[in-house]
Structure formats: C-alpha cells, structure tokens
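I opened this notebook to record what I looked up in one model, entry by entry.

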Amino acid sequence: MPKMKESFFEIRILDELALKETIIHNLHPLSKLLVTVMYLVAVISYDKYEIDKLLPFISYPLFIFILGEIPPAPLGKRMLISMVFVAGLGMFNPFLDKTIKIMVGDIPITGGWLSFLSLIIKSGLTILAGLLLVATTGVDRLALGLRSLRVPSILIFQLVMVFRYITVFLEEIDKTYHAYMLRAPGQTGIHFRAWGPLGGQILLRTFRRGEKIYEAMLLRGFGGEYHPGRLKRPVFKDLLYLLGWAILFGVFRFGNIPAWLSTMGMGVIR
Amino acid sequence: MHMADALISPLVGGVMWSLSAGILGYSIKKVQKELNHNKVPLMAVMGAFVFAAQMINFAIPLTGSSGHIGGGILLAILLGPYAGFLTMASVLMIQALFFADGGLLALGCNLFNLGFFTCFIAYPLVYEALVSKRFSQKGILIASLLTSIIGLQLGSLGVVLETFLSGKTELPLGSFLLLMQPIHLAIGIIEGLVTAAILSYIYTERRELLERKSPSGIIKGISLRKVLLILMVAALVLGGILSSFASEKPDGLEWAIFHTSGKEELGSPQGIHEVFSNLQEKTAVLPEYDFKTTSEAPSRIINRGTSLAGVGGGLLTLLLISLFGYLLYVYKQRKKNI
C-alpha cells in the first residue's frame, strides 16, 4: 500500500538524517528545541497582512539546511503535502476580503491575497522548522532534551516506544492489508463484512505483541521506571547558538529589516 | 482535522497548550498511580496500532469511496480515558514531528480536539453511560456510533472556534461551521461503524478486554472536574492578560520603548545620530518607508509609496538571504574539500 510504504520511508529518512555528524547535529538538543520554539512563536505572532517582515525568517531554515547538510527535497515534499489543509482554508481569503491594501505599480493587491500569502509563508516556515529539528536531532536525543526539561518519563517512554513500534506495525499491517487486497480485486478498501474480523484480528495481534514485549522487558529487569540515559551538559557553543538566534529573532521580530534595507537601498540608488 | 501552527495565534496556542498540558499532567499522575507495569508496553503498541490503522482504507458501502479511522475512541475504550489520552498525546507528537501533521505550537489545540473530547467527554458521558450496565452487540454498535459522532463533532467545533479566534482566515464563523460539521458527521458515522465492527469482533473473541472496569476520576480526593475548572480559570486569566497586551500595544518594540523611556517613541536624535539622521533624510527616496512628498497630501487608505517600498524591501531581504545562503554553502563546500 503506497501510503504505508511512503510513511515508512519518511520515518526512515528523518531517522537516518539525524545520525549525521555536523555542527548542527552536534549541538545540545535542548538548545535546538528552544530555538525552534522561539522561531515558531515569532513567526506565528505576525499580523495576517504582514508579509515583508516575515521574510528575514527564511534565513533560519536556510542556515540549518546548509550547515546541517539536509537534502531539501524530502522535507520540501512533506511541507507541500502538509500545507494542503492550510491552503484550503486560506483560499477563501481572496474572495472574502477584497479591500485593497497595497498597490504594486498599478496593480492593486487586496487584503485577502495578502493574508493568503502570509498564511502560506507561515505554514511553510513552521513546518520546515519542526521537520528540521527532528532531522538534525533524532527522536532519542530529542527525548533526552525533553527529559532535561523535566517532562515526565512515562510520556517520553511512550513517545520513544510508539515511534519504534510504528515501523514494525506499518510493515505488519501493510502485509495483512496487501494480502487482503490481492484477494479482493477492484475494491476501494476492506469490504464492510470484513471490517470487524480483519480490524479485530490486527488489534488482537497488537495486544499479543504488547504482552510479549512486556515479558521481554521483564526478563531484562524492567521495574516500571524508564531510564532514558544521560545527556551531556550544554557547553559554550550551545549557549551561543541559543543566544545568537534569540537576538536575531528579536531583531527580525521587533525591527523591520525590509524597511531598513529599502530605505538604505533607495538612498544608494538616489 | 490536525491544525497547523500557521492557523493559530500565539494567544490561542498558548491557552490551549496550558489546558492540554494540565490535563496531560493529571492523566500521567493517574496512569502512574493506577496502571500495572504491563499496560505500559500495551499503551505503546496501541499507539503504534492507531497510527498504522489510520492508513487502512475501509470501503464505504454504496458510495464507491473509502474512509479510515482516527482511533481516539478505540484508545479510550481499550485503555481507559487517562492512558488513552496519554497514548494519543504521543501519537500526535510523532505525527507533528515526523509528518508535519499538525504543528508543535498547535499540539495543545490538537490534543484537546482529538484527545480531550474523545477521552474525557464522549467516552465517559456516552460510551460508558450506554454500555456500563450490560455489554451486547447492539449496545456496542449504538454506543460506538454515538461516541464517535459526538467526539468528532466536538473536535471539529474546537478546530472551527480555535481558528476563528486566531483570526487567520476570513471565513465567517457560520460558513466555517457549515463547512466542517457536516463532513465530520459523515466521518463520525464511518468511524463509529468501523469501531463497532472491531469491538464486536473483540467482544466475541476476548470479552475480558472490553469488560474491565474503567478507572474512577479521582486522585487523592482531587476530581477531574475540579482540575478542569482550575485549568479553565487559569486559561481565561492567561488569555485575558495576553489579549490586553495584544490590543493595547500591538508592537512589542513600542511597548518596550514605552516602559523603558516613558514615551511611545524615542525623541529626536542628537549629536552623531543627528548628523547621520539628517544624511539619511537627504539621501533616501523613501524616508519613513514612504515616497518623499513636497506638499501635504490628503491621507489615503492605499499608499502607493509604502506599498512600493514594502515590495522593494521584501525583494532586497530575499536577495540578501539568498546571498547569505550562497556564501554559507560555498564555505561549507570548501571546508568539506579541505
């Protein structure tokens, strides 16, 4: 089933990218997590008509893509897929808000188009920031970073375990579903008579696997506590990375770089 | 139904994050207190099952199309509301991180819409109320159907309200509701029927999985209702404080200037700043981000000068970022080749 295989490969790609050894990958996960949260808050805090002020924020994903050696194609593809819902809601804006906000030469631009474009840019930037965090950190190190923020260990344990078993289940359910579909040519999905038996059997197998995993964990000394391991302490470069981006985001957010550049640029031209 | 970061404002995102984090904290305490160790891996595999099961297409009779399940209801029924909510949180976190399906700041909204309404409203008030006395195939069908419909209707209502309050789309509330609620009614019916079919099968094969008593809503005398009430009040206070900041001082820089200097704008520059300011005034075509004017023009809604300066500034910013990216790339390549 293409959807399951696609998901499987997407997880593998991000998981493998996180194993790279670059200057970004070697940063403390907590530092990267905090920078990402600051970035997201700054990007979504803009008014719906403010497009130009959003543009300096493109520098952050660009920086991570290049220094983290992340190939843009897989992340870009995921970004476009995830933007569909936002674009679907935003496409009503040009029809509903027809007040002319700016003129580019003689072409009037309405508020609806501006807010639509702003929504698309914000959506793209926020999606990329999240994906880049995972692609340069990985789920295990991210879990350690969350633990250092005092996030309860049971939640982190769930996160890591669900992530590890997703690939196992995707493969298993794909096999079952594929076997069914080969015996049901021309059908768009599982016939309603088989909803219960097929879905139920997969679920029962899930329960049995849960029991087996628990037994295996007991044999390895599991006593109900999850120990995610230790994370090295943040060093100077981690603090510098955090502070550097905090200052830059502050300048981007509270200053107006396009306006400054415009004023200077026009001055030079004159 | 997953909301993206771009659809929410920081205010709505912050309030929903605080609400969901509070409920999550309560659920974690409850799970740690009441759950046996053997449920921990079960929760994990159930999370993985729900994730993978969302990709199975179930053919819808007489329509020629197919649908899939969301899984929130199944989690609540098979694990109980607290463990179900915790498992849903981990699934949503993975979907947000690896598939950009719902944003990180919107995680609070998504957890509330997809987890809270199903686990703490639809499950206890509908499912438990309908099947608590006696399990039967018919009872499971009716309870699953109603629980799914109500859970999904409340969830989509949450999406509509959170998006509307964030003010990012121009869709009027009525039209947005008309767009979202009927489609989620159809989705709810399908999810309810598929859930009922799976649960009926489980009922015939391993009845004990469904008949376990669900945990009560109390931790050391603190009821979930009380926790929710405190969280609601906290969210309202937080929302009130943040929104008053937003309405009175839209620009953070102006707010900071006002509080440090006591003025909304800094005064005229003096000394070296004055010299440079005058120089910039003389050389700039677009002082104050606008075209120079020689006479007092009447104020207009559309300012061509500002528009052109904005577009020009935006293009210059993009050019500068591209240059920055190019230089960074060249530096990286050179370093690699050494």
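I call a crossing left-handed if the near helix is turned anticlockwise from the far one by less than a right angle, and right-handed if it is turned clockwise. The model is predicted, so local features need pLDDT of at least 70 and side-chain atom pairs count only at pLDDT 80 or more, while totals for chains, interfaces and linings use all residues. Residues are numbered from 1 along each chain as its sequence is written, and chains are lettered from A, with ligands numbered from 1, in the order in which they are written.

**Entry 1: a crossing in chain B.** I looked up helix H3 (residues 72–79) of chain B against H4(B) and found that the axes come within 7 Å and cross at roughly 140°; helices (H or I, at least four residues) are DSSP runs numbered from the N terminus, and axes are lines fitted to C-alpha atoms over the stretch in contact, with angles from 0 to 180 degrees between N-to-C directions. H3(B) and H4(B) are therefore oblique to each other, given that angles under 35 degrees count as roughly parallel, over 145 as roughly antiparallel, 65 to 115 as roughly perpendicular and the rest as oblique. I noted the crossing of H3(B) and H4(B) as right-handed. B:Gly72, B:Leu75, B:Ala76 and B:Leu79 of H3(B) meet B:Pro81, B:Ala83, B:Gly84, B:Thr87 and B:Met88 of H4(B), where a contact requires C-beta atoms, placed from the backbone, within 7 Å. By class, the residues of this contact are six nonpolar, three polar and no charged (Ala, Val, Leu, Ile, Met, Phe, Trp, Tyr, Cys and Pro are nonpolar, Asp, Glu, Lys and Arg charged, and the others, Gly among them, polar).

**Entry 2: a crossing in chain A.** I then took H4 (residues 72–82) and H7 (residues 111–137) of chain A, whose axes come within 10 Å and cross at roughly 135°, which makes H4(A) oblique to H7(A). H4(A) passes H7(A) in a right-handed crossing. On the H4(A) side I listed A:Leu75, A:Arg78, A:Met79 and A:Ser82, which meet residues of H7(A) including A:Gly124 and A:Leu128. This contact of H4(A) with H7(A) has six nonpolar, two polar and one charged residues.

**Entry 3: positive phi.** Most residues other than glycine have a negative phi, so I looked up the exceptions. Phi of A:Glu69 is near 50°, and this residue is in the loop between H3 (59–67) and H4 of chain A. A:Glu69 is partly exposed, with 18 other C-beta atoms within 10 Å (20 or more is buried, 12 or fewer exposed, in between partly exposed). Phi of B:Ala100 is likewise near 50°, in the loop between H4 (81–99) and H5 (107–131) of chain B, but B:Ala100 counts as buried, with 28 C-beta neighbours inside 10 Å.

**Entry 4: a covered helix.** For H8 (residues 139–148) of chain A I found eight of its ten residues buried, among them A:Arg141 and A:Arg147. The cover includes H2 (29–44), H7 and H9 (153–182) of chain A.

**Entry 5: confidence.** The model scores ipTM 0.85 and pTM 0.78. Chain B averages a pLDDT of 74, the predictor's confidence in each residue from 0 to 100. Over residues 244–269 of chain B the pLDDT is below 50, with 16 contacts beyond near neighbours in sequence.

Technical notes. Helices (H or I, at least four residues) and strands (E, at least two) are DSSP runs, numbered from the N terminus. Two residues are in contact if their C-beta atoms, placed from the backbone, lie within 7 Å.
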